[in-house]
Amino acid sequence: MTSIFSVRIAKSNSIEYLTRLCKISKNYNITQVAFIKRIAFKEHIPKPAPYPYWKKVCNEITMILDPTSLRYDDNTKLIVVDGPPAVGKTKLCEQIAKDFGFLYMPAPTHDEIFINYYGFDIRDLNPQLPESCRFYDLKDFLRNPYYYRTASIQLGFFNMRFEQYMNALVHILATGQGVVLNRSIFTEYAFMDAMHKAGYLSDLTVKEFEMMRKNSFKFLLRPHLVIYLDASPEIIQEKIKKRGNVDEINSKVFTTKFLTDLENATKEKCLSWLSSHSHILIYDWSKEGNNIDVIQDIETLDFEEDQYKEKLQDWVFVDTDQLINFLERYQNKTYIFDYMNRKTEPIIATDMYLINDERDIQQKVLETVNSEKYQPGCNPYYDKIPWITKKQSPLFCIYRRTPRDFVNCDLFKFI
């Protein structure tokens, strides 16, 4: 049964399916626990088909009779695998997804911002733009981390990870399938801290990022589990060389000091904050540990949520109205992004954004590209079906042109 539960029955649901699930009365001398189970040991219980959030809007009207909670079980969880660059997060993410039947969402890349639905890379327009208006990405940062547009590059990663995290929450709440993420928005602050100490980001930029973090994190359900793969800066430098990415190898970014500052900020400012809510597992991954040991450790954790405890409290819902409200906001995204960018202080980090004239110049050049003139699927230059008959997917992305969040998701086969 599910460990995501409601305190009372939703008024709007005539079926009255969402009750206090998987809870035992306090009158019984029994301790309630909930464990994630590997597919090999999990009892198969028929569940309703996943809510088709990829083509249908999530709101109180469309989901009024939807059997939302009946899709949830002990594996309806969000796991984040974190750690320094090149430590080996991807392999562990894939193993967790395979063993527990989770969806693995690969880490976002700058290609998702710049390569559109039709395969056109807007970075190819840079020769037509003044230097101040060009599209910059991670490779530019690695080549010259002191460049004045570095803040805009970090802003790109912040927005991508934030957007991906909301997509993960939509998938979990709409389908009941667990998700494993390769890093998350919650540890992005550690990179900002390390970049600030290295002199790559200004004081004003860090203050603006902190304001965005305070504005937006309160809307997110924190993960059930964060797994941190630890390794010394010297080991990470060796792994970076072994990975063979020329831009990383030749970069002056990954110094011992930068990697040390990154590790300290992650542990002291990010994991410590998450630990009151989420389970935290830390492993020495200097020589790449045994994935099976991690899987077994995950199986021993009690993931039972309780409305009277702080641990995992985010996943306790008052009723279906509240749950669907979360789904609607995560799917639409505009409200949360708008709130994120509210100016609660008179802070304007000019190195993070283009000024009005620069935006106009950039937009005029973009308008010369046929594949940029219309929404994906609605382009008369590329789409066979007339654009007026096309419907945009309700799961749209504000910041990325081609998000990869669901590349490992078979939307018709859920375990």
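Is R123 buried or exposed? In this predicted model, R123 is buried, because its relative accessible area is 16% and a residue counts as buried when that value is under 20%.

## R123 and its surroundings

R123 lies in the loop that runs between helix α2, residues 111–114, and helix α3, residues 138–143. If we leave aside the neighbours within four places in sequence, the residues in contact with R123 are D111, F114, I115, F135 and D137.

Strand β2 covers residues 78–82, and five of its five residues are buried, so the strand is largely enclosed by the rest of the structure. Both of its faces are covered, with L78, V80 and D82 buried on one side and I79 and V81 buried on the other.

## Helix α4 against α6

Two packed helices are described by the angle between their axes and by the distance between those axes. Helix α4, which spans residues 150–175, packs against helix α6, residues 203–216, at an angle of about 10°, with the axes 11 Å apart. The two helices are therefore roughly parallel to each other, because angles under 35 degrees count as roughly parallel.

On the α4 side of this contact are A151, Q154, L155, F158, N159 and F162, and they meet T205, F209, M212, R213 and S216 of α6. Sorted by class, the residues of the contact of α4 with α6 comprise six nonpolar, four polar and one charged.

## Helix α4 against α11

Helix α4 also packs with helix α11, residues 320–332, at an angle of about 140°, and the axes of this pair are 9 Å apart. That angle makes α4 oblique to α11, and the crossing of the two helices is left-handed.

In this contact M166, L169, V170, L173 and A174 come from α4, and they meet F326, L327, Y330 and Q331 from α11. The contact of α4 with α11 has eight nonpolar residues and one polar residue, with no charged residues.

## Two residues with positive phi

What is the phi of A86, a residue that is not a glycine? The value is positive, at about 70°. A86 is found in the loop between β2 and helix α1, residues 89–100, and it is buried, with a relative accessible area of 16%.

K333 likewise has a positive phi, near 75°, in a residue other than glycine. The loop that holds K333 lies between α11 and helix α12, residues 334–340. K333 is buried, because its relative accessible area is 0%.

Definitions and conventions:
Residues are numbered from 1 along each chain as its sequence is written. This is a predicted model: local features need pLDDT of at least 70, side-chain atom pairs count only at pLDDT 80 or more; totals for chains, interfaces and linings use all residues. Side-chain values use heavy atoms; hydrogens and water are left out. Axes are lines fitted to C-alpha atoms, for helices over the stretch in contact, and angles run from 0 to 180 degrees between N-to-C directions. Helices (H or I, at least four residues) and strands (E, at least two) are DSSP runs, numbered from the N terminus. Angles under 35 degrees count as roughly parallel, over 145 as roughly antiparallel, 65 to 115 as roughly perpendicular and the rest as oblique. A crossing is left-handed if the near helix is turned anticlockwise from the far one by less than a right angle, and right-handed if clockwise. Contact means heavy atoms within 4.5 Å. Ala, Val, Leu, Ile, Met, Phe, Trp, Tyr, Cys and Pro count as nonpolar, Asp, Glu, Lys and Arg as charged, and the others, Gly among them, as polar. Buried means under 20% relative accessible area, exposed over 50%, partly exposed in between (1.4 Å probe, protein chains only).
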